Amino acid sequence: MIYAVFAPLIITLLIPLLSKWKERVHTGWFILPVPILIFIYFVQFVGENFTPHSESYSWIPSLNISIDFYLDGLSLLFVLLISGIGSLVVLYSIYYLHKSEQLKQFYIYLYIFMFSMLGVVLSDNVFVLYSFWEFTSLSSFLLIGYWHYRERSRYGALKSMLITVFGGLSLFGGLITLSVITETTSIQAMIEQKDLIVNHSLFPLILVFILLGAFTKSAQFPFHIWLPDAMEAPTPVSAYLHSATMVKAGIFLVARFSPILGGEPSFFIIVSLFGIVTLFWASFMAVRQTDLKGILAFSTVSQLGMIMAMLGFGTDVAIFAAVFHILNHATFKGSLFMIAGIVDHETGTRDVRKLGGLMTFMPMSATLALFGVFSMAGVPLPFFNGFYSKELFFESAIDLPGFSGAFVEFLQQAIPYIAVIGSIFTFVYSMYLFFSTFRGKYKEHELKTKPHEAPLGMLISPSILVLGVILIGLFPNMVNESFLAHAATAVFGDGFHAHEVKFWHGWESPALRMSLIVVGVGTILAITRKKWTSVYTVFPRRLSFNELYNYIVDSIEKGSTKITETYMTGSIRHYVSYILGSILIITGAILFITNGVTIEFDDLAPITIPEILVGLTMAIAAIASIFTNNRLSLIIIVGVVGYGLSVLFVIYRAPDLALTQLIVETVTVALFLLCFKHLPELKNLPSHPGVKSINFLISVGFGVLVTLIGISSHSSKLFSPISEYFIEESVPLGGGHNVVNVILVDMRGLDTLFEITVLGIAALAIYALIKLRHDKEAK
Amino acid sequence: MEIIMAVLAGLLFATAIYNLLQKQILRIIIGTVLLSHGAHLFILTMGKLKRGDPPIIVEGAGPFTDPLPQALILTSIVISFGVTSFLLVLAYRASTLNKTDNMEELRGSEHE
């Protein structure tokens, strides 16, 4: 199984080599066998006696992360969709994309996508699942932005990336929480601990996190806005990712976690509500679109909403219908996208307003489209598979699970009505899609090229898909027991009984009546479409979710720029103030919170007059340094402080310090004097009184803080110093009488070594600074 | 005495920081010099003041003041001297190159 999953990834490594021959052979031909082989491999598992398979490969054992593959009915359904439709899409793309395109990139992205999608549906380890999940987001981003020189493509790619990665991260949070609670990373092991999870206090959080991930990926209301913009991708991509596979990853996720999260009223409310709202809203909006792919995108959103709603219902009919509809939707939507691509390819436009009367020019495509569209609309004829799943949907919408609660009861009342209204709009846009493209008047002057039938190769893939539509339509129970029942069991749990799908339920069946209402009202609305489309202008475009998204992205950008500009002023004074201010606040607060301020008068040295005088001189000099505006006096003032300090060193019995301080101070003052001739005059630069008072506050605060810390730490000595050792051992061990010097060169000689290094570096740097002039001054 | 010295160190810090927050580059360097003076005094005060003779072991001397803070301060003096002299030359170069010593006018280039 691992070879099947990793095969697309491995082949991507070879694509750059293979595409060398693209002048002669289209790169797609070389790699077409890969998905076909995967499909053949997985098809072997289909059968009535199917039992789940699992494989495990070690990856990061210390974190309990291993590449676990678990193939049950649900995974099998998805892997067959991925590899099957993948093969058809690759075949279609060979005819769709010209050899002059960047085929290398296209197929690499596509195969990375295929690989990650296979990984998503087969992973049993939540973290591996998440890794593959993000890979699908990434490769979808690359594919949407495939024609990266188009502004709309980049916009669409970014939008889908932001939304799906937002959801992906939230999913990650949910998965982490789950694995922490259950102490396992395996989904199957989590299912066994359902009671623990459901009764845990974090359960609502998990539910929200995971559903957020699923809803963003599957373009549920209100996160559906990325999908219509993703239509900027090449049509094979739209057909593959944005109708059959990636958008179903969210569906898969909900289905996969249904045994854990399902069966709860909260799960029912959230999933059904969002699903049914998505179904209605997207089908309503689809009628408004003028772009073929736009209609199909909203239609996809709407159908995904329907599947999601059914997963939310959670009854066995609903689960079966959901699984059935996943298959059906993949067949008819895939083919419709391909036909939209053909129309675009052969006429040069996808704008429905410019198209019309193409039936005579493109009879094959029109026929294929007819089956796809009527199946999508759920027309009750026995060769459209969409009808069956739609009727099952109605059936399940009437027979909802019996949770109690005011809102749940309202929802149970409302869902059948919303379902019917949504389906009416589905019918309307389906008819609109077909009739305005292939019927009506042929608008010759609108089209750049004379339309003609697509090459046969391009028609193969949609034909196969439509064949699927018809076959399932004619023999709806063909794959029931052997295939769909296993998938439904994986979602529903044990105790699922396969349903026999029947075309005819009798006049008494409420689902049939609902279907008839849909067809009846839908037909009327479709015919009178032009009269009521003014409804859409009632809502101005300003109030759409797209505008909200744009507004959020814009204001985040502008807001962060603004915030950064407020504090990153470029002024060093500001930054120093921030640093000192935060030190002041944090240290001061800690000092007071921990009652750190203590004053102890016991252990103090006596006060003598000379020290006081020296200290007073230093204090006066230091304060004067602020007020003087004369450079020379400033330098001398600093000299006074320095020499004062060396006198203090003398008084406090530190001869070496006094000596060094004297010399250093002298040299420093000399340096200052040397420099000052070249520095501009000191000016009394005016500053704002507010600035002055802030400076004053910070500096005084800091002074007080230092004083307090000094006094407190002196007053609370915790242990005696280690200097006794230095004094005792200076002569016997160090062989010197000057203890300070022995410490410097013997006991702590390493400090001195690097202090010398510091001086050396400073000297070199000064030399370099003066000598090296690679600037305009040298010119 | 230690309390008075702690106050003096605090005063040195306060004036140093007030200078640091000024606009002219020379004042900022003066601020750093005052800051290091304050720090040295602070370290010295934290070891106890005047508890005996200078730490030079000769006949009849003792007890001694703490030699360790002195060694630390000595190292620090030398390092801050190196840094100060480098800063000075840097200031000299910067002000001749940019024709200003006002830090508010030194804001880097537009396209940073």
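Start by selecting helix α4 (residues 73-96) and helix α12 (residues 235-244) of chain A: their axes come within 8 Å and cross at roughly 165°. (Axes are lines fitted to C-alpha atoms, for helices over the stretch in contact, and angles run from 0 to 180 degrees between N-to-C directions; helices are DSSP runs of H or I with at least four residues, strands runs of E with at least two, numbered from the N terminus.) This is a predicted model, where local features need pLDDT of at least 70 and side-chain atom pairs count only at pLDDT 80 or more, while totals for chains, interfaces and linings use all residues. Residues are numbered from 1 along each chain as its sequence is written, chains are lettered from A and ligands numbered from 1 in written order, and side-chain values use heavy atoms, without hydrogens and water.

The two helices, α4(A) and α12(A), are therefore roughly antiparallel, a label for angles over 145 degrees.

Next, show side chains. Ile82(A), Val89(A) and Tyr96(A) are among the α4(A) residues that meet α12(A), where the partners include Pro236(A) and Tyr240(A); contact means heavy atoms within 4.5 Å.

Now select strand β2 (residues 65-71) of chain A. Seven of its seven residues are buried, so β2(A) is largely enclosed by the rest of the structure (buried: under 20% relative accessible area, 1.4 Å probe, protein chains only). Ile65(A), Ile67(A), Phe69(A) and Leu71(A) point one way, and Ser66(A), Asp68(A) and Tyr70(A) the other.

Ile60(A) has Ile65(A) as its bridge partner.

Terms used:
Angles under 35 degrees count as roughly parallel, over 145 as roughly antiparallel, 65 to 115 as roughly perpendicular and the rest as oblique. Buried means under 20% relative accessible area, exposed over 50%, partly exposed in between (1.4 Å probe, protein chains only). Two strands pair if DSSP finds at least two bridges between them.
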